[in-house]
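Please read them with the coordinates open.

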Amino acid sequence: MTRLLQVIFVLIVLVIGAAIILPFVIPASMYRERVQLAASEALHRDITLGGELHLSLLPRIEIRASTVSIANAEGFGDAPLAEMGEMRVAVKLQPLLSRRIEIAEFVLIDPTIRLQQRGTRNNWTLTDAAAPPPAPASSDGFRRPGALPLEASFGDVRIENGYISYSDGTDSHDISGLNLVTSMPSLDGPIQLDGSLNADGQRITFSTRIASLRDFFEGRQTGLLVDLSGNLITAHFDGNFLESSDLSMDGAFSTVIPSIRNLATFAGVEMPAGDSLRRFSASGRIAGDPRHIALTANSIQLDDVSGSGNVTVNLDAARPALSGALTLATVDVTPFLPDAPAEAPANTAGLQPWSEAPIDFAGLGLVDADLRLTVGLLKFREIEVSDASLRLQLTNRRMEANLTQISLYEGSGSASVVVNARSATPSYSLRADLSGLDAQPFLDAVAGFDRLSGTGAVDFAFSTSGQSQAAIMRSLAGNGEFSFANGAITGINIAQTIRNVSSFVSGNGNASSSDSETPAATGDNAQTDFSALTGTFSASAGRLTNQDLLLLSPLLRVTGAGWANLPDQTLDYRLQPRAVASIQGQGGDRDLQGITVPVRIRGTFNDVSVGVDTEAVGQALLTGAISNALGGSSGQATTPEEAVRNTLLNALGVDTGSSTDSDAPATDEDPAQQLLRGLFNRGRQTQDPEPDDGADDGNGGR
């Protein structure tokens with residue numbers, strides 16, 4: 001027995017000695033080919049060990065090789081799929097006898113990996129072309145019991161200064177400066193992965209800790225901690241991989257994206273022009289899998305918009321699909337609107353011409369969404385809406401926003417907006433039903449019109465289409481109605497205009513007052529009070545038309561009709577005011593007789609003129625003159641001037657049963673009086689304020 005033990009001991013010594021000595025005795029060239037051949041058969045690619053090669057068997061199996069390369073797949077060029085300056089692999093020998101794999105060292109120095117995609121083929125799938133296709137993956141996924149039926153541990157596992165490139169024939173990306181360190185004492189213990197890299201010029205560092213690699217691969221709940229930082233994004237996750245066959249997870253998270261635009265550029269996503277979509281941050285809880293993510297945010301902020309809520313993201317579609325509900329304090333949507341640059345200098349006063357520049361709707365194609373929003377203050381350009389309940393639906397470049405409940409400018413109502421950019425020519429629709437509005441700030445915000453005050457209601461529906469502001473205005477169509485109460489129109493005092501005209505035509509133009517004592521009929525300090533202002537309007541090809549304006553006040557009844565051409569930014573509107581015979585209270589008889597002085601409002605949006613309608617007065621004079629020429633009567637006129645005066649009085653609705661002194665002085669400089677003076681004294685240059693001798697030069701009636 002003793003001799004047998006001695007023989008066994010000698011054999012062991014010889015084996016160990018041979019394992020130590022043989023690598024130094026046997027030339028490297030003898031096992032280089034064997035190693036290359038074995039590796040090539042395993043990877044189904046030609047492996048080349050071009051530099052020094054070192055092999056040792058004790059105390060561990062170790063291979064050190066320099067200038068290692070792996071051949072590329074056929075059709076992907078001559079450059080190797082991978083090459084590295086040095087590769088070191090060491091496996092402990094003793095654990096192998098117990099079916100345990102302990103990798104003492106796995107180090108890659110200066111590796112370069114070139115990944116390429118060509119249609120459905122790629123160069124990184126290492127398969128035998130002659131082998132049958134692999135069986136389809138199990139429906140249970142890769143996380144299933146028994147997935148790791150072995151024992152293993154990692155010692156010194158790292159990558160130093162790696163480089164990875166990717167190209168699909170159109171886009172290309174690269175990762176440089178890749179440094180990776182992995183530590184795993186056992187499959188049942190935690191695995192730590194730390195590293196850093198430069199991706200397309202962006203520096204990123206990361207740290208990941210998985211509680212147990214075996215639990216992870218076998219589908220059990222596994223703790224997960226991830227920290228990611230860099231110029232593009234900072235993120236933290238502390239939670240678990242759930243018990244499942246896929247990568248379902250749940251845990252607390254926080255993230256900050258300093259620039260969404262920079263991140264989109266990095267990811268190859270085209271963003272619409274503008275200053276919006278800058279910074280994003282969120283914190284809360286996240287759950288889901290790689291295709292479906294549910295986010296419950298205690299705090300969420302996008303640019304200046306902040307709030308909380310829950311959002312579900314579905315990535316298993318052509319575009320990411322968002323759904324959920326958010327509560328936001330303040331939302332200003334103006335920065336997110338398509339940017340159409342103005343064609344006039346920014347410092348030009350007044351309303352600028354509509355731009356012909358195309359509006360960019362690329363942002364509508366980034367995601368699909370169905371979101372319900374509760375917003376404390378919603379801003380849209382100059383319009384402010386409070387306590388808004390909004391449902392926003394975005395599907396394949398079609399956006400519909402329904403404001404089911406809004407409060408604005410002391411009023412309330414509902415509204416909806418649709419933008420459809422699916423076709424080459426986008427289309428739009430806008431509907432609103434608003435009541436109880438404070439008219440002056442509302443109209444100033446909506447249309448830049450600040451000359452109407454009061455409490456009002458507006459109901460309208462518009463549709464249009466076009467690729468630019470100008471095109472949208474040219475195709476605007478729709479209709480609506482409005483009503484305002486207990487307000488005023490600034491810029492004209494219709495009652496004073498009538499008084500001035502009445503004073504003039506009755507021959508008492510300046511009998512009892514001076515210019516300084518007479519209120520102005522037009523100007524910033526002039527206004528017309530009303531108890532009710534109502535009407536309807538329609539739009540076609542950008543031209544707004546109204547034919548039934550009605551203004552009621554204790555002493556006035558005003559009707560009006562006209563149009564506003566939005567594409568050309570011009571308007572022409574006529575008012576027919578009538579002073580009533582007596583005060584009958586607000587909303588009194590519309591047919592009371594009095595004096596009617598037609599007023600015309602016309603010009604461009606930036607240069608509106610208000611004055612007596614000379615065309616209407618001229619037509620009244622012409623009608624009266626023709627009537628007289630055909631034998632009609634103009635009261636008890638004794639001169640041609642009195643005949644014209646009486647004709648005008650009749651046209652204005654004033655009783656001419658008794659004539660007034662037609663030669664009374666009229667020096668009031670009110671615009672209405674100046675106009676009528678010109679009509680009555682056409683061709684006469686009056687220098688002396690004293691009455692003339694009654695002679696008629698024959699020009700008074702022309």
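1. The chain's secondary structure comes to 10 helices and 31 strands, where helices (H or I, at least four residues) and strands (E, at least two) are DSSP runs numbered from the N terminus. This is a predicted model, in which local features need pLDDT of at least 70 and side-chain atom pairs count only at pLDDT 80 or more, while totals for chains, interfaces and linings use all residues. Residues are numbered from 1 along each chain as its sequence is written, and side-chain values use heavy atoms, with hydrogens and water left out.

2. On confidence, the mean pLDDT of the chain (the predictor's confidence in each residue, from 0 to 100) is 76, and 70% of the residues reach 70 or more. Over residues 340-344 the pLDDT falls below 50, and this stretch has 11 contacts in the model beyond near neighbours in sequence, contact meaning heavy atoms within 4.5 Å. Residues 510-516 likewise stay under 50, with 7 contacts beyond four places in sequence. Where pLDDT is low, the predicted coordinates should not be read in detail.

3. Of the 702 residues in the chain, 36% are buried; buried means under 20% relative accessible area, exposed over 50%, and partly exposed in between, with a 1.4 Å probe and protein chains only. Among contacts with a separation of 6 or more, 50% are made by residues 24 or more positions apart.

4. In soluble globular proteins, nonpolar side chains tend to be buried together. Leaving aside neighbours within four places in sequence, the contacts of Phe484 include Ala439, Leu443, Leu452, Phe530 and Leu533. Phe484 also belongs to one aromatic cluster with Phe460, Phe462, Phe482 and Phe537.

5. The structure holds 8 aromatic pairs, counted when the rings of Phe, Tyr and Trp (its six-membered ring) have centres within 6.5 Å; planes under 30 degrees apart count as stacked, over 60 as edge-to-face and the rest as tilted. Trp124 and Tyr166 form a tilted pair, with 6.5 Å from centre to centre and 50° between the planes. This pair links distant parts of the chain, since Trp124 lies in the loop between strand S7 (121-122) and strand S8 (151-167) and Tyr166 lies in strand S8, 42 residues apart. Trp124 is partly exposed at a relative accessible area of 35%, and Tyr166 also counts as partly exposed, at 28%.

6. The charged end of Arg543 sits over the ring of Trp563, 4.2 Å from its centre; the criterion is that NZ of Lys or CZ of Arg is within 6 Å of the ring centre and within 35 degrees of the ring normal.

7. Which residues of helix H4 (260-267) are buried? They are Ile260, Arg261 and Ala264, and, seen down the axis of H4, the buried residues fall within an arc of 95°, so they line one face of the helix; the arc is that of the directions from the helix axis to the C-beta atoms. What covers them includes strand S14 (249-257), strand S15 (280-288) and strand S16 (292-302). Just after H4, Gly268 takes a positive phi of about 80°.

8. Gly251, in strand S14, is buried at 0% relative accessibility. Beyond its neighbours within four places in sequence, Gly251 is in contact with Phe237, Asp238, Gly239, Gly284, Arg285 and Ile286.

9. Glu218, in the loop between helix H3 (213-217) and strand S12 (222-230), counts as buried at 12% relative accessibility. Its contacts, leaving aside neighbours within four places in sequence, are with Arg143, Arg144, Pro145, Gly146, Ala147 and Leu148.

10. Most residues other than glycine have a negative phi, and most peptide bonds are trans. Thr67, however, has a positive phi of about 55° and is found in strand S3 (residues 60-70). Asp303 has a positive phi near 55°; Asp303 is in the loop between S16 and strand S17 (305-314) and is buried, with a relative accessible area of 10%.
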